[in-house]
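The exercises below work from the coordinates of a single chain, and each task is followed by a solution in steps. Please try each task with the structure open before reading on.

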Amino acid sequence: SCAAWGSDCLESNEFIYGKYGRGWHLDRTRFDTMLASAAVTRGSRLFTNTHVVDTHQTGSGWRLTLRQGGDHSMIIDATFVIDATGRRAAFAARLGMKKQRVDHLLGAFVFLRGPETEDSYSMVEAAADGWWYSALLPGTGMGAAWMSDADLMKQQQVKTPAHWFARLQQSAHTRRRVSSAEPLTQPVLQAAGSQQLEQVTGDHWLAVGDAAATFDPLSSLGIFKALRTGILASYAVRDFLTGDRSGLDKYRLILEREFAEYLMTRAEFYGQERRWASAPFWRRRHEGEHAEMAK
């Protein structure tokens, strides 16, 4: 990876200096397909194009009404439910669980064709009211995203290609990197803020991955966190199914501690950028906005 963060200079972070070795750019479609296939091979039943339309708690767990495709519905009785629906936390939301939001970071993503390059770095570049992210995609493509807060993004009108590229021209390193690339999409807005589910476990259920908590993309911890919480959840559920409910409490405490540690690390990294300390985007992060999380 490389970053212009805290200065105009682009600094590289070479894998050879890291104790974990080389990093990876994942082809998410292939990776997710591999995981699903592995689960099926080990006995799981996979329903695609399916969502929950109703939940009902029973004495032994949950009765779920699922809709697959158009009008086809099915009912499943589950002893335990794991909410792995990403930042929507769809199952937990049905139970009335609230999300404690730290910020309202948004990403305006554009996918591009080319340029042909051997530069495989992911790049971050700070700016006065946000930051840029860019990285190669599988094949010959590249993704670039402008990251800023929702209210600032609205003022910037970066949902239109003209405004997005006008803002891109104000950058230095990112502009040069994508100068010969051809845009393939309109800017797509995606929520990227940090948040934590107010309750990550409950009666016969728990949340994992982004459903439990979401981290700032700056951390590059999303996939790692998803895999780690999935593993921890498996231990908690196994204990629960054998009559030991203490695993759920342990799981909750681990996630709460890790989110608190994440907030401190997040503050540290945003604190390294002081060139625009009075600008709203940076001031919010320097003033410790996580002290009062809005539900």
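## Exercise 1: A helix pair

In this predicted model, Arg 228, Thr 229, Leu 232, Ala 233, Ala 236, Asp 239 and Phe 240 of helix H7 meet Gly 247, Leu 248, Tyr 251, Ile 254, Leu 255 and Glu 258 of helix H8.

**Task.** Classify the residues of the contact of H7 with H8 as nonpolar, polar or charged, and describe how the axes of H7 and H8 cross.

**Solution.** Step 1: sorted by side-chain class, the residues of this contact are eight nonpolar, two polar and three charged.

Step 1: two packed helices are described by the angle between their axes and the distance between the axes. For helix H7, residues 222-241, and helix H8, residues 246-271, the axes come within 8 Å and cross at roughly 160°.

Step 2: angles over 145 degrees count as roughly antiparallel, and H7 and H8 are therefore roughly antiparallel to each other.

## Exercise 2: A lysine in helix H7

**Task.** Decide whether Lys 225 is buried or exposed, and find which residue forms a salt bridge with Lys 225.

**Solution.** Step 1: Lys 225 is found in helix H7. Its relative accessible area is 8%, and because buried means under 20%, Lys 225 counts as buried.

Step 1: when neighbours within four places in sequence are left aside, Lys 225 is in contact with Gly 209, Asp 210, Ala 213, Thr 214 and Phe 215.

Step 2: among these contacts is Asp 210, which forms a salt bridge with Lys 225, the closest N and O atoms being 2.8 Å apart. This pair links distant parts of the chain, with Asp 210 in helix H6 (residues 209-212) and Lys 225 in helix H7, 15 residues apart.

Step 3: the accessibility of Asp 210 is 31%, so Asp 210 counts as partly exposed, whereas Lys 225 is buried.

## Exercise 3: Further salt bridges

**Task.** State how many salt bridges a search of the whole structure finds, and work out which parts of the chain the pair of Arg 266 and Asp 103 ties together.

**Solution.** Step 1: the search of the whole structure finds 17 salt bridges.

Step 1: one of them joins Arg 266 and Asp 103, with 2.8 Å between the closest N and O atoms. Arg 266 lies in helix H8 and Asp 103 in the loop between strand S7 (99-101) and strand S8 (105-113), so the pair ties together parts that are 163 residues apart in sequence. Both Arg 266 and Asp 103 are buried.

Step 2: the side chains of Glu 273 and Arg 275 also meet in a salt bridge, at 2.7 Å from N to O. Here Glu 273 counts as buried at 0% relative accessibility, while Arg 275 is partly exposed at 31%.

Step 3: salt bridges can also be linked into a network, as they are for Asp 149, Asp 151, Arg 284 and Arg 285.

## Exercise 4: Backbone angles

**Task.** Find where Gln 157 lies and where His 204 is found, and give the phi of Gln 157 and of His 204.

**Solution.** Step 1: most residues other than glycine have a negative phi.

Step 1: Gln 157 lies in the loop between helix H3 (150-156) and helix H4 (161-168), and His 204 is found in the loop between strand S15 (201-202) and strand S16 (205-207).

Step 2: Gln 157 counts as partly exposed at 45% relative accessibility, whereas His 204 counts as buried at 9%.

## Exercise 5: The surroundings of a glutamate

**Task.** Describe the location of Glu 125, and list which residues Glu 125 touches beyond four places away in sequence.

**Solution.** Step 1: Glu 125 lies in strand S9, residues 123-127, and is buried, with a relative accessible area of 6%.

Step 1: apart from residues up to four places away in sequence, Glu 125 touches Ala 4, Trp 131, Trp 132, Ser 171, Ala 172, His 173 and Thr 174.

Step 2: of these, Ala 4 is 121 residues from Glu 125 along the chain, and the C-alpha atoms of the two are separated by 4.7 Å.

Conventions: Residues are numbered from 1 along each chain as its sequence is written. This is a predicted model: local features need pLDDT of at least 70, side-chain atom pairs count only at pLDDT 80 or more; totals for chains, interfaces and linings use all residues. Side-chain values use heavy atoms; hydrogens and water are left out. Axes are lines fitted to C-alpha atoms, for helices over the stretch in contact, and angles run from 0 to 180 degrees between N-to-C directions. Helices (H or I, at least four residues) and strands (E, at least two) are DSSP runs, numbered from the N terminus. Angles under 35 degrees count as roughly parallel, over 145 as roughly antiparallel, 65 to 115 as roughly perpendicular and the rest as oblique. Contact means heavy atoms within 4.5 Å. Ala, Val, Leu, Ile, Met, Phe, Trp, Tyr, Cys and Pro count as nonpolar, Asp, Glu, Lys and Arg as charged, and the others, Gly among them, as polar. Buried means under 20% relative accessible area, exposed over 50%, partly exposed in between (1.4 Å probe, protein chains only). A salt bridge is a side-chain nitrogen of Lys or Arg within 4 Å of a carboxyl oxygen of Asp or Glu.
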